[in-house]
Amino acid sequence: MEYGSIKREIHIDATPEVVYEVVTAPEHLRQWWPDDADLDPVPGATGTISFGAPPNTEVMPLTVVAADPPRRFSFRWVYDDIAVATPTNSLLVTFDLVPSGRGTLLRLTETGFRERGWEAAVLEEHYRDHVTGWDHFLPRLVDYVARLVSAR
């Protein structure tokens, strides 16, 4: 395995505008991914996402790289909270949203694992953790959007 990037594609029964809102707005993110989110979805903005409950909360800083509604949202994360996110110290997550019938094809890509310079065992552990994470959270995204759309 090359551990270079994670790629996933899922179809969501909602417009790109709705899906974009769900992958960028903290109140929606909290419903399918992190336990908490604090971010402004504009390029250059910094924020955090948090996993777990106190006292075991893991807070992850992030920096928004691109915000092109309703087509693309990307951010850098998994870096030291006192650092500025760069291609060599962080991972890049990109959500590309493509109209597909009456819904949206969401293409998720996460890159930067090898660029972090982790030793092989650490690289493999982080990569596998993120694969497992996206495989868990993306179906939750689909379910949340379905509930959101049916309630509107």
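Glu124 and Arg128 form a salt bridge, with their closest N and O atoms 2.9 Å apart. By salt bridge I mean a side-chain nitrogen of Lys or Arg within 4 Å of a carboxyl oxygen of Asp or Glu. Both residues belong to helix α3, four residues apart, about one turn of the helix. Helices here are DSSP runs of H or I with at least four residues, strands are runs of E with at least two, and the numbering starts from the N terminus.

Before I continue, please note that this is a predicted model, in which local features need pLDDT of at least 70, side-chain atom pairs count only at pLDDT 80 or more, and totals for chains, interfaces and linings use all residues. Residues are numbered from 1 along each chain as its sequence is written, and side-chain values use heavy atoms, with hydrogens and water left out.

Glu124 is partly exposed at 29% relative accessible area, and Arg128 is partly exposed at 40%. The term buried denotes under 20% relative accessible area, exposed over 50%, and partly exposed in between, with a 1.4 Å probe and protein chains only.

How many salt bridges does the structure hold? There are eight. One of them pairs Arg8 with Asp135 at 2.7 Å, N to O. This pair links distant parts of the chain, Arg8 in strand β1 (residues 5-12) and Asp135 in helix α3 (residues 120-151), 127 residues apart. Arg8 is partly exposed at 26% relative accessibility, and Asp135 is partly exposed at 41%.

A further salt bridge joins Arg152 and Glu21, whose closest N and O atoms are 3.2 Å apart. It too connects distant parts of the chain: Arg152 lies in the segment after α3 and Glu21 in helix α1, 131 residues apart. Arg152 is exposed at 57%, whereas Glu21 is partly exposed at 29%. As for helix α1 itself (residues 16-24), seven of its nine residues are buried, so the helix is largely enclosed by the rest of the structure. Among them are Pro16, Tyr20 and Thr24.

I turn now to the backbone. Most residues other than glycine have a negative phi, and most peptide bonds are trans. Pro54 and Pro55, however, are joined by a cis peptide bond, omega being about 5 degrees. Pro69 and Pro70 are also joined by a cis bond, with omega about -5 degrees. Val78, in the loop between β5 and β6, has a positive phi of about 65 degrees and is buried at 10%.
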